[in-house]
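Please read it with the structure open.

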Amino acid sequence: LRDFKGNAANFFLNRFGYASSTSRGGRLEGKVALITGGASGLGRAAAYEFIQEGAKVIIADINTQVGPQTALDLGPQANFVYCDVTSEAQVAEAVDFAVAHHGQLDIMYNNAGIPGPSIPPSIADLNLDEFDRVMQINVRGTIAGIKHAARIMVPAKSGSILCTASISGLMGGLGPHPYTVSKFAIPGIVKSAASELCRHGVRINCISPFVVPTPLVMDQMAVFYPGAGREWITEMVNGLGELNGAKCEEVDVARAAVFLASNDAKYVTGHNLVVDGGFTCFKQLRF
Ligand code: NAD
């Protein structure tokens with residue numbers, strides 16, 4: 001069994017290109033984290049980094065194809081629960097699962113999100129049902145996570161809530177209109193909640209990542225560049241970055257999440273941590 005787990009971990013490391021299989025600093029030792037949208041992409045990378053820092057992780061996701069396998073690959077510190085964040089009851093159940101299993105919830109990472117319409121329509125053609133769907137997952141789902149984490153963390157007088165925003169929440173034109181609106185909303189709810197939760201010893205922050213070629217982005221890009229191979233799209237996306245040719249990787253976002261979740265950020269709340277290599281500092285976009 002140990003061999004199998006070792007091989008699974010190596011497979012995971014190789015496949016996703018993470019830096020090291022050795023355990024790092026223990027900055028989340030003894031902590032319990034719940035990550036929505038943790039089956040894939042940025043959520044999965046955060047799960048890996050949190051475990052490397054000593055946490056136990058619950059992956060809450062609708063993807064039953066990939067989610068349970070991700071938890072298996074991550075090893076005994078990970079569990080999978082089915083959770084559709086559009087259902088407040090399921091978010092509440094996922095939080096209760098964390099507490100029932102581990103006796104506590106220290107980190108709630110509201111990360112699940114969708115890009116919305118695959119071909120960004122003109123505002124004049126916007127389908128408001130599609131708009132509602134994006135808001136249900138990206139905004140309402142995040143708020144449900146904040147609400148139910150606060151239910152546990154406020155009485156405990158401790159906890160760190162993280163949310164995934166985006167550089168699309170800092171400027172227009174980077175994504176479909178509904179996605180942009182949904183991501184502008186995240187720093188808003190974070191500031192609003194922080195103003196209350198700080199009195200209870202609970203911190204809440206969000207992260208605004210640059211483009212990382214996760215399944216979400218690859219699917220979106222495949223619509224704009226039909227026929228283009230995965231490698232070409234990855235290279236093109238990475239080429240948008242500005243930090244001296246460095247690309248934005250899942251691990252860059254995940255380690256920002258580790259910082260915000262950990263005691264290193266004990267005086268940081270209501271913040272939007274932009275992980276974009278300087279992209280949004282430029283006056284002119286270089287598309
Ligand atoms: P991804 O598609 O790899 O992962 C998203 C996960 O969310 C998937 O596992 C999916 O099953 C899950 N999910 C979708 N709807 C759900 C629901 N209703 N309930 C529970 N889980 C659900 O994409 P990703 O790029 O890792 O995206 C994660 C977050 O990062 C999203 O909020 C996205 O908007 C944000 N983001 C991504 C990028 C990027 O470039 N990849 C940039 C900025 C922000």
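1. Helices (H or I, at least four residues) and strands (E, at least two) are DSSP runs, numbered from the N terminus.

2. Two remarks on the basis of this note. Residues are numbered from 1 along each chain as its sequence is written. The model is predicted, so local features need pLDDT of at least 70 and side-chain atom pairs count only at pLDDT 80 or more, whereas totals for chains, interfaces and linings use all residues.

3. Is α2 mostly covered or exposed? Eleven of its twelve residues are buried. A residue is buried if 20 or more other C-beta atoms lie within 10 Å of its own, exposed if 12 or fewer, and partly exposed in between, with C-beta atoms placed from the backbone. The buried residues of α2 include the charged-type side chains Arg44 and Glu49, where Asp, Glu, Lys and Arg count as charged, Ala, Val, Leu, Ile, Met, Phe, Trp, Tyr, Cys and Pro as nonpolar, and the others, Gly among them, as polar. Glycine 54 follows α2 and has a positive phi, near 105°.

4. The shell around the ligand has 29 residues, of which Gly37, Gly41, Gly113, Thr214 and Leu216 come nearest. A residue is near a molecule or strand if its C-beta atom, placed from the backbone, lies within 6 Å of it. By type, the shell divides into 14 nonpolar, 13 polar and two charged residues.

5. On the whole protein chain: there are nine helices and seven strands. Buried residues make up 42% of the 287 residues. Among contacts between residues at least 6 apart in sequence, 71% join residues at least 24 apart. Two residues are in contact if their C-beta atoms, placed from the backbone, lie within 7 Å.

6. The largest nonpolar core has 66 residues, and those with the most contacts inside it are Ala33, Leu34, Val57, Ile59, Leu162 and Ala257. Helix α5 (residues 128-156) gives the largest share of this core, eight residues. A nonpolar core here is a set of buried Ala, Val, Leu, Ile, Met, Phe, Trp, Tyr and Cys residues joined through C-beta atoms within 7 Å. Leaving out residues up to four places away in sequence, valine 57 touches Ala33, Ile35, Ala47, Phe50, Ile51, Leu74, Gln77 and Ala78.

7. Strand β1 (residues 32-36) is largely enclosed by the rest of the structure, because five of its five residues are buried. Val32, Leu34 and Thr36 lie on one side, and Ala33 and Ile35 on the other. β1 pairs with strand β2 (residues 56-61) in the parallel sense over five bridges; two strands pair if DSSP finds at least two bridges between them. Isoleucine 35 stands opposite isoleucine 59 in β2.

8. β1 also runs parallel to β4, joined to it by three bridges, and alanine 33 has isoleucine 107 of β4 as its bridge partner. Strand β4 (residues 107-110) in turn pairs with β5 in the parallel sense over four bridges. Tyrosine 109 is the bridge partner of leucine 162 in β5, and asparagine 110 stands opposite cysteine 163. Both faces of β4 are covered, with Ile107 and Tyr109 on one side and Met108 and Asn110 on the other. In β5, Gly159, Ile161 and Cys163 point one way and Ser160, Leu162 and Thr164 the other, and all are buried.

9. Two single residues deserve a look. Lysine 157 sits in the loop between α5 and β5 (159-164), and its phi is positive, near 55°. Most residues other than glycine have a negative phi. Lysine 157 is exposed, because it has 10 other C-beta atoms within 10 Å. Arginine 203, in strand β6 (residues 202-209), is buried, because it has 24 other C-beta atoms within 10 Å.
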